[in-house]
Amino acid sequence: MAKAHLLVVEDELDMRLLLVSVLRDAGYRVSEAADGNAAMRILHDDPPDLVVLDLLIPGLSGFEVCAAVRRSTDRDVPVLVVTAHGSPENRRTAYACGANEIVAKPFTNPSLLAAVARLLATDAEGGEKKEP
């Protein structure tokens, strides 16, 4: 099986480095973006198997990136929102934009990895499962 490719979109450097480190240590191939515009370039140039997305980022917001993932890809790419801004309104909006799951900051590494594994294991198109 192919190694899963994840895109981490997070503007806060320390948090982005933590997410990337945890995911790489778990065996995933990880790309990273600090803003919505960079995320869109990576989505176009090197489409991931899953997007790990903060909501409040510069450029295109996390909500806009999430909606764009739903509109612009020819396959079902899961979106895992990781946010400190998990108000009921933000949660509803994130799900309305196409988020598959939301993990609140602060999170534990096992809870993050479990969410990633769950989303990668459910491929809506019945395609090949990706392993870490």
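Trainee: How are helices H3 and H4 oriented to each other, roughly parallel or roughly antiparallel?

Mentor: Two packed helices are described by the angle between their axes and the distance between the axes. In this predicted model, H3 (residues 62-72) and H4 (residues 88-97) pack at an angle of about 25 degrees, with their axes 8 Å apart. Angles under 35 degrees count as roughly parallel, and H3 and H4 are therefore roughly parallel to each other.

Trainee: Which residues make the contact between H3 and H4?

Mentor: From H3 come Phe-63, Cys-66, Ala-67 and Arg-70, while H4 contributes Asn-90, Thr-93, Ala-94 and Cys-97. Sorted by class, the contact has five nonpolar, two polar and one charged residues.

Trainee: In what order do the strands of the open sheet stand, and which of them are at the edges?

Mentor: The sheet has five strands in the order S2-S1-S3-S4-S5, and the pairing is parallel. Strand S2 (29-33) and strand S5 (101-104) stand at the edges with a single partner strand each, so one side of each is left without a neighbour in the sheet. On average, and with direction ignored, neighbouring strands of this sheet are turned by 20 degrees against each other.

Trainee: How many bridges join S4 to S5?

Mentor: Strand S4 (residues 79-83) is joined to S5 by four bridges, and the two run parallel; Leu-80, for example, has Glu-101 in S5 as its bridge partner.

Trainee: Where does H3 lie relative to the strands?

Mentor: H3 lies across strand S3 (50-53) and S4, and its direction is at about 170 degrees to that of S3.

Trainee: Which residues touch the most other members of the largest nonpolar core?

Mentor: That core has 23 residues, and those that touch the most other members are Leu-7, Val-9, Val-51 and Leu-53. Strand S1 (5-9), helix H2 (36-45), S3, H3, S4 and H4 each supply at least two residues, and the largest share, five residues, comes from H3. Leaving aside neighbours within four places in sequence, Leu-53 has contacts that include Val-9, Val-65, Cys-66 and Val-81. A second, separate core has 21 residues, among them Ala-4, Leu-6, Leu-19 and Leu-112.

Trainee: Which residues does the cis peptide bond join, and in which loop does Pro-106 lie?

Mentor: Most residues other than glycine have a negative phi, and most peptide bonds are trans. Here a cis peptide bond joins Lys-105 and Pro-106, with omega about -5 degrees, and Pro-106 lies in the loop between S5 and helix H5 (109-121).

Terms used:
Residues are numbered from 1 along each chain as its sequence is written. This is a predicted model: local features need pLDDT of at least 70, side-chain atom pairs count only at pLDDT 80 or more; totals for chains, interfaces and linings use all residues. Side-chain values use heavy atoms; hydrogens and water are left out. Axes are lines fitted to C-alpha atoms, for helices over the stretch in contact, and angles run from 0 to 180 degrees between N-to-C directions. Angles under 35 degrees count as roughly parallel, over 145 as roughly antiparallel, 65 to 115 as roughly perpendicular and the rest as oblique. Contact means heavy atoms within 4.5 Å. Ala, Val, Leu, Ile, Met, Phe, Trp, Tyr, Cys and Pro count as nonpolar, Asp, Glu, Lys and Arg as charged, and the others, Gly among them, as polar. Two strands pair if DSSP finds at least two bridges between them. A nonpolar core is a set of buried Ala, Val, Leu, Ile, Met, Phe, Trp, Tyr and Cys residues joined through side-chain atoms within 4.5 Å. Buried means under 20% relative accessible area, exposed over 50%, partly exposed in between (1.4 Å probe, protein chains only).
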